Amino acid sequence: MALWQQILMLDSVYLEQVHKLYMDERLPMEVREYIAYWIEEQDWNQAAQPESSLACCLFYTMQSLLDDQLGRLVLSEENNSNILLKHNLHRSKVHLQALYQEHPEQLAHVIDDLLRKEREILVAASAVSQAVVETPTAASMTSSQEEKIEARLAEMRKAIQSLKTSIDQLELLQDSFDFRYKTQKLLESTVPNTDPGLIRRMQELQTMLNNVDRSRKDVLAKIQELLGFFETLRDLLLEELEAWKDRQRQACIGNNCDTRLEQLERWFTANAEDLFHLLQLMQTLEDLQGKLTYDQDQLTTRLPQLKSRLKEQILFLLQRAFVVEIQPTMPFPCRRPLVLRTNQKFSVRARLLVKLMDRNHPMEAKIEIDSDSSNLAGFRKFNILTSNTKTLSLREQKSCGSGKGKGGKGINEGGLSVLEELHVITFTLDYCYQGLQCQLQASTLPMVIISNVNQMSSAWASVLWFNMLSRDPLNQRFFVNPPAATWPQLSAVLSWQFSSATEKGLNVDQLKMLGEKLCGSPVTAQSIITWTQFSKDSPHNFSFWTWIDGILLLIQENLLQLWRKDLIMGFVSRKRERHLLKKKRGGTFLLRFSESTRNGGITCTWVEYDDKGSPQFSAVEPYTKEQLKVLPLPDIIHNYHILADEVIPENPLQYLYPDIPRDEAFGPYYSEPKEEDKTEFKKYLKRHLISVSSRQPEEAQALDFQIADPSASDFQDFELQAPNCQVPEAGVPGVNGEVEIGLVLPNGLEEPEQGGLLYQDPYLPQLEEEQHLGQMPPELFMASEELQELKLYDEDFNF
């Protein structure tokens, strides 16, 4: 870029310093501007040397250039508008003659000094700009690809400025030739053709025309080179855009990715600015061609081709710069994108990454769904409804044949489930800038449309499978023949589901257990999982994904803090569970998710040792989210007891694996007792709900015998069933050794109707009725449900 062009682009603070340089009129600023390129190409330092003949030559050349400029202004059709310009330029020419005609070396010294100070100002401005810009830029540079783009954009900007300089010089040459040529034509009518002066001037004109032709060819060569550079830059930008689309697709299915568009927008806008600038320069060349043309003029033949190629590049860039920034998302029941429900509001947003707009042509986007339905035979059809709040909703079109949902069976006419139909929303934008008009389109990722919230989980499985395996957003018939996934692909997506929902993904051991459930042991990078295996097949009538999604919901609603703090092992096989616990002291337990509970369940397994030192493993029946809403898991673990005949009730859960004391691990999550007004008379005693299991001596012996059998399960199940309330007599043990429901009431109070709940008032220690508790410790609150016999509990199965 020419030095003067860089000076003109400086901030106002530095431009003020430049103005001060020219306040003394040693060199008028209009002279500096009008012949800037010629001034910067001369060696003024050499010309400023004493007795240098170069100074005199340069002085008269400058006077000649100013005469040419004045001549062009005289011949200009806009004489009236240029009168002030002509006056200032003429005044500056006379001023320079008066100052330096006798001592031209002084002019050379002045110009050399001015150019040096201009460069100093430019360096100072660049240093400040670099200090402000470099830090965030360096922080944002995460790859060599980004560094290449930044470097290429800088090169393009310099090349564009260099081209502009060449075109300005070409225009100067052409104007000088045009002025001399018209002057020559006026002289030809008064001077004979044989006049030596006329012949010499004709030779000079031919030389000037040759220079014009050579300059035009150089400009066209630079444009050709620039278009090649732009294509290389375009390829780099498209790679980054595709990488962003991959990140957006992964973010839609749970991965934590950077989907910001600010950097891409800056790159695309900068590239578009250069392309439109080049288009303007080509228009300038067309204007020059209109003023002067000749035989074998390169502008006539090559410029239209180059301009057409440039417009193709601009249109291609604009089309790719129109993207869907936010994929379709409902605000509730959950913010899983790409699953929409009919008659439910949703939001979606498109964005043009080129921030160049014509204010006289406001941009408006049209939106439609399944614009190309030629290959969607049998798919449901929908209308998009708008609202004043800028939200959208979908309404299914009524078909004249079968009813809603294609006969109500959830299968469309093409044989796909309605949860495997993929629909696409398309934005259409009419764009106009600097006379260039085009129509841009952007499409969302395929989405699944449901009519009932119960379909959400299955619809999300379709969204996961498509975005995991397909990069073609227009492949709406993907599920006609869905491809299989490898275990590395699926394991990453499964971990994303947990990290996005709970802020904690799955570790290697947890993923290994899931892989073995799906693929068998050993699971490898080549292990394959089919769509049917993932979403449909199951010997227990619910799919692998349904099981996983139920556990996700269980964690979110009931176990979130415990899961985040690694207090739940979660996914662990029975074999590994025994392997981990048998090496630990008695009372060590771990928490894992049930494999046989459809909507998510969690169970507790612990180890005890018999008289011979052999490990005995026990597991409680899984707790579901409904049960955990009533009694939180930390409280269950804290108050859990095993009851047996003639044995003091005890809590077998002492140490969380590997060896963390129970209260140290779960103490922060125990429910705190509510403060009550002790002076207020209460009709009922205070109650406390706990989880209790019973074990009979003969059952324990039978269990020991069964565990000795290698083919038998190592686990027992303690199941709590519906209450069966009875009030035992004082001092009489429960029937068959079981502990039954009992109420302790103060004198004069009737038994409430909440049979099955246990009451104890710590403020009534003197009541005679407390003898009904026999030898039970006062800390033990009676169970709200009848305790059942010990039975085996085994839930191993594969999907």
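**Ring contacts, buried charges and model confidence**

Lys504 lies over the face of Trp563, at 4.3 Å from the ring centre. This arrangement is found in a predicted model. Lys504 belongs to the loop that runs between helix H15 (487–502) and helix H16 (508–519). With a relative accessibility of 13%, Lys504 counts as buried, because the cut-off for burial is under 20%. Beyond four places in sequence, Lys504 contacts Phe498, Ser499, Gln510, Trp563, Arg564 and Asp566. Lys504 and Asp566 are separated by 62 residues in sequence. In space, their C-alpha atoms are 9.0 Å apart.

The charged end of Arg234 sits over Phe316. The distance to the centre of that ring is 5.1 Å.

Aromatic pairs were then searched for across the whole structure, and 19 were found. One of the ring pairs is formed by Phe177 and Tyr181, with centres 5.8 Å apart. Their planes meet at 20 degrees, so the pair is stacked. Both residues lie in helix H9 (residues 144–188). They are 4 residues apart there, which means a separation of about one helical turn. Phe177 is buried, at 8% relative accessibility. Tyr181 is partly exposed, at 37%.

Trp531 and Phe534 provide another ring pair, with centres 6.3 Å apart. The angle between their planes is 35 degrees, so this pair is tilted. Stacking would require planes under 30 degrees apart. Helix H17 (residues 531–535) holds both Trp531 and Phe534. The two are 3 residues apart, about one turn of the helix. Both are buried.

Attention then turned to Glu265. This residue is placed in helix H11 (residues 262–291). Glu265 has a relative accessible area of 12% and is therefore buried. Its side chain makes a polar contact of 3.2 Å with the side chain of Arg351. Leaving out residues up to four places away in sequence, Glu265 touches Arg351, Leu352, Leu353 and Lys355.

The structure holds 0 disulfides. A disulfide is a covalent bond between the sulfur atoms of two cysteines. Cys56 is partly exposed, with 35% relative accessibility. Cys519 is also partly exposed, with 28%.

The average pLDDT of the protein chain is 78. A score of at least 70 is reached by 76% of the residues. Over residues 677–681, pLDDT stays under 50. That stretch has 2 contacts beyond four places in sequence in the model. Residues 696–799 also have a pLDDT below 50. For this second stretch, the model has 208 contacts beyond near neighbours in sequence.

Conventions: Residues numbered from 1 in each chain as written. Predicted model: local features only at pLDDT ≥ 70, side-chain atom pairs only at ≥ 80, totals over all residues. Heavy atoms only, no water. Phe/Tyr/Trp six-rings, centres within 6.5 Å; stacked < 30°, edge-to-face > 60°. Buried < 20%, exposed > 50% of the residue type's maximum accessible area, 1.4 Å probe, protein only. Lys NZ or Arg CZ within 6 Å of the ring centre and 35° of its normal. pLDDT = per-residue confidence, 0-100. Contact = heavy atoms within 4.5 Å. Polar contact = N/O pair within 3.5 Å; in protein donor to acceptor, adjacent residues only side chain to side chain. Disulfide = S-S within 2.5 Å.
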